[in-house]
Amino acid sequence: MEMNYTLITGASSGIGHSLALKFAERGKNLIIVARTEKKLLKLKEEVHVINPKLDVRVIAIDLSLVSNAYKLFNKVEKYNIETLINNAGFGDFSKISNQNLSKVEQMISLNVTSLVILSTLYVNKYQNIKGTQLINVSSTGGYSIVNQAVTYCSTKFFVSAFTEGLSQELLIEEKPLQVKVLAPNATSTEFARVAKGVEVFEYSGNYHTAEEMATFVLKLYESSKCVGRVNLDTFEFELLNPIFPFRCQGSTEGNS
C-alpha cells in the first residue's frame, strides 16, 4: 500500500515545527522542509518519540531561492503528498523608505514566488485526487495593512487573494482538492525577531503560541471552510468562507 505524506515547509521552528508534531500525533508520515538540516533532524527525533513507526523525510533547502522550489518538488515527486502546507515565510518591519531591498527581494521570493510555484505544481498533480489539501499560510496582515510593514502585508495580501482565488477556481471546476488559507496574528515564534532584525524580541499583550496556532490549523484542516483567521477584535480563531470578491470572466456576479 502506498504511503501518504504531509509536507510542511518552514518546519524547523515556530508554527511549522508545532504542525509537524500535531500531524505526527495523527499518525501522518512527514516530509519536513527548512534551511537548517540540524534543526530538522532534531524535529525528526521529536516526531519519533510521538510515533516511532512514522516515516519522516528531511529536506534542507532554501526556498527564498526560487529555483529551489522546483528542485523541492522534483525531490518529492515520488511520494504521495496528501497535504501540502506552505508555511515558510518571513516578515520585514520597516518603513518603505528605509527598506533593505536585499531582504525585501528574498521576502517576496519566499512569501510569494516560491509559494505560487509549489502551489501550482501541487495543483497540477493532485487536483483530481480526493482527500488532498493545500494550506497556504498568510497573515491577518494579508487582510489589513500594518504601518511600517506595508511590503510584508502586501506579500500576504497576495497569498490570501491567490489562495482564495485558487480555491474558488477548483470549486467551480468541481475538483476534489481542497485549498485553504491560514491567517495568524501575533504568534510567539522567531517571526518578530527576524522581521525587526533584532537578536531578542519579547512578546507582550495578545498573542498565540505556535502550538495554539497549530491547533487552529487542524481545525481548518478538518473543516470545509476556505479561510482560518484570527479575529483582530476578539483574537479568537474563526473559520470563514472566502473574503475577497470573486467573479468569473464575462460575469458581473461573484461566486460564494
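1. A charge is taken to sit over a ring if NZ of Lys or CZ of Arg is within 6 Å of the ring centre and within 35 degrees of the ring normal. In this predicted model, the charged end of R229 sits over the ring of Y143, at 5.2 Å from the ring's centre.

2. The ring of Y143 also takes part in a cluster, in which ring pairs link Y143 with F157 and F244, and Y143 is the ring over which the charged end of R229 sits.

3. Turning to the aromatic pairs in general, the count comes to seven. One of them is formed by Y122 and Y126, a stacked pair whose centres are 4.5 Å apart and whose planes make an angle of 25°; because planes under 30 degrees apart count as stacked, that angle places the pair in this class.

4. Both Y122 and Y126 belong to helix 4 (residues 101-126), where they are four residues apart, about one turn of the helix. Y122 has a relative accessible area of 0% and is buried, and Y126, at 2% relative accessibility, counts as buried too.

5. F158 and F162 form another aromatic pair that is stacked, with 5.9 Å from centre to centre and 10° between the planes. These two residues lie in helix 5 (residues 150-172), again four residues apart, which is about one turn of the helix.

6. As for the exposure of this second pair, F158 counts as partly exposed at 37% relative accessibility. F162 has a relative accessible area of 21% and is likewise partly exposed, because buried means under 20% relative accessible area.

Notes:
Residues are numbered from 1 along each chain as its sequence is written. This is a predicted model: local features need pLDDT of at least 70, side-chain atom pairs count only at pLDDT 80 or more; totals for chains, interfaces and linings use all residues. Side-chain values use heavy atoms; hydrogens and water are left out. Rings of Phe, Tyr and Trp (its six-membered ring) pair if their centres lie within 6.5 Å; planes under 30 degrees apart count as stacked, over 60 as edge-to-face and the rest as tilted. Buried means under 20% relative accessible area, exposed over 50%, partly exposed in between (1.4 Å probe, protein chains only).
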